[in-house]
Amino acid sequence: MTVDLLIKNVRVVRPGASLVETMDIAIDKGKFSRIAPTIDPAGARQVVDGKQYLAFPGVVDAHMHTGIYSPLPEDAITESRAAAMGGVTTSLNYIRTGKYYLNKSGPYREFFPEVLEQSAGRFHVDYAYHLAPMMASHIDEIDDLVERFGVTSFKIFMFYGSHGLHGKSEDQSDFLMIDSDEHYDFAHFEFIMRGIRRAMDRFPDKAQQISLSMHCETAEIMRAYTRLVEEEGRLSGLPAYHASRPPHSEGLAIFIASYLAHETDCVNINLLHLTSRKAVEAALLMAEAFPHINFRREVTIGHLVLDIDAPTGALAKVNPPIRPRADVEYLWEKLLEGKVDWVVSDHACCKHEIKVNTETPENVFLAKSGFGGTEYLLPALLSEGARRGLSLNRIAELVSYNPARRYGLNGKGDIAPGGDADLVLVDPNETWVVQAQDSPSNQGYTPFEGIELTARVKQTWLRGRLIYDGNVIGEPTGKFLKRPY
């Protein structure tokens, strides 16, 4: 048998398995062709010694924001380089019309082809997009987005009812670029769900991989508590932002979203970036109340590693907020119990010069929301997870297999014959300290600065091609994935 590539002597970490075994991996024409204890190298055009590194399936970072603060063509290059550093081989990006991203409105039949044009030839990893229906006419386009573009996942930002991206919004119509007679509210959310249910009925062969993702925070609660925190003036920094967007705002929004999903029979619901005990408890309670709804629960690496005492302060502002240590520990407790379905970065590169207010950089309410971190997703989860007893095979499920299957990436997320040869080689015994200057991201800082990690990505392979080996290699070869893929 002749193959393009043979990677020998790696410890293969497969999702769903109970063991990590030393294997050789044969790759041909960009696909895994054979995984076995010993494969004769005579038939391989290239042979690589895996040095007993852990071999994970390529990471599927299912929650990223490319092009949110910088032009999409620029962001796609630099931030996909950061992704490759972290072992990510597939980047799933949320995008919408309105301010930020392309800074324009209009139908997706015009908007999305422009997104694809600006993306082409610029990603170092494979990529796809989740889309958010921002106006009533977008709901009518859902079927076309599924059929024509292979977009099978959609999003609702529940807090946009009275908030912009960073805080209070005086004019929803201006921020979202929708007509004054349109409303981004519970009724709009209901109609989105009905539109997704319609698409599931129209495309039954794709129905299990058509889903709706929910950013669950309650706008009215946030508006009231933000005013209270600012008027009282007792808190500052991350503690103030946590208090202004309290955990019960997440919990209430989860209740509302879940009931609407039940009412509309929109059965595939992804509850994004759960940050707190109250949010997770609400999510688990709703799963019991509505067992016919196929809920998935997501947590970010930022909310698993950082807390409100993080020394980087306002640089760690994100929506929903970083929480106190007790909430962080509860997230880990439920993750170890198997109650979390996947872990993501929520990567949103925001350069330092625009992240914080130049005159009062410590004012968290004037800072922009979001930060990058895709390059630390796997190393941080592996480092912290190993200390807490999280199995390697479970990590492969959390960062690769589970998000791949939910979002219609059926050729990704596992190390198995016939699948895309996306592979990450990791040294689980290399200790290093996070420094922003070592990342190819264009951000220039990181809220993870100074954190010591005990696992490091050594190589990243995309469809059998080496794209990272201590440095990003070659020109961008990532391709757009029309789903189901």
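A search of the whole structure finds 20 aromatic pairs, counted where ring centres of Phe, Tyr or Trp (its six-membered ring) lie within 6.5 Å; planes under 30 degrees apart are stacked, over 60 edge-to-face and the rest tilted. The model is predicted, so local features need pLDDT of at least 70 and side-chain atom pairs count only at pLDDT 80 or more, whereas totals for chains, interfaces and linings use all residues. Residues are numbered from 1 along each chain as its sequence is written, and side-chain values use heavy atoms, with hydrogens and water left out.

**View A. Tyr108 and Phe111 form an edge-to-face aromatic pair.** The ring centres of Tyr108 and Phe111 are 5.6 Å apart, with 80 degrees between the planes. Both residues belong to helix α2 (residues 108-119), 3 residues apart, about one turn of the helix; helices (H or I, at least four residues) and strands (E, at least two) are DSSP runs numbered from the N terminus. Tyr108 and Phe111 are both buried, that is, under 20% relative accessible area, where exposed means over 50% and partly exposed lies in between (1.4 Å probe, protein chains only).

**View B. The rings of Tyr376 and Trp432 form a tilted pair.** Their centres are 6.4 Å apart and their planes stand at 40 degrees. Tyr376 lies in the loop between α13 (352-355) and α14 (377-388) and Trp432 in strand β15 (residues 432-433), so the pair ties together parts 56 residues apart in sequence. Both Tyr376 and Trp432 are buried.

**View C. Charged ends sit over the rings of Phe157 and Tyr94.** The charged end of Arg96 is 5.9 Å from the ring centre of Phe157, and that of Lys155 is 4.3 Å from the ring centre of Tyr94. The criterion is NZ of Lys or CZ of Arg within 6 Å of the ring centre and within 35 degrees of the ring normal. Phe157 also belongs to one aromatic cluster with Phe159, Tyr160, Phe175, Tyr184, Phe186 and Phe189.

**View D. Strand β17 (residues 456-462) is largely enclosed by the rest of the structure, because 5 of its 7 residues are buried.** Strand β14 (residues 423-427) pairs with β17 in the antiparallel sense over 5 bridges; pairing requires at least two DSSP bridges. Trp461 in β17 is the bridge partner of Leu423. Strand β18 (residues 465-468) runs antiparallel to β17, joined by 3 bridges, and Tyr468 is the bridge partner of Thr460. In the hairpin of β17 and β18, with 2 residues between the strands, Arg463 takes a positive phi near 50 degrees.
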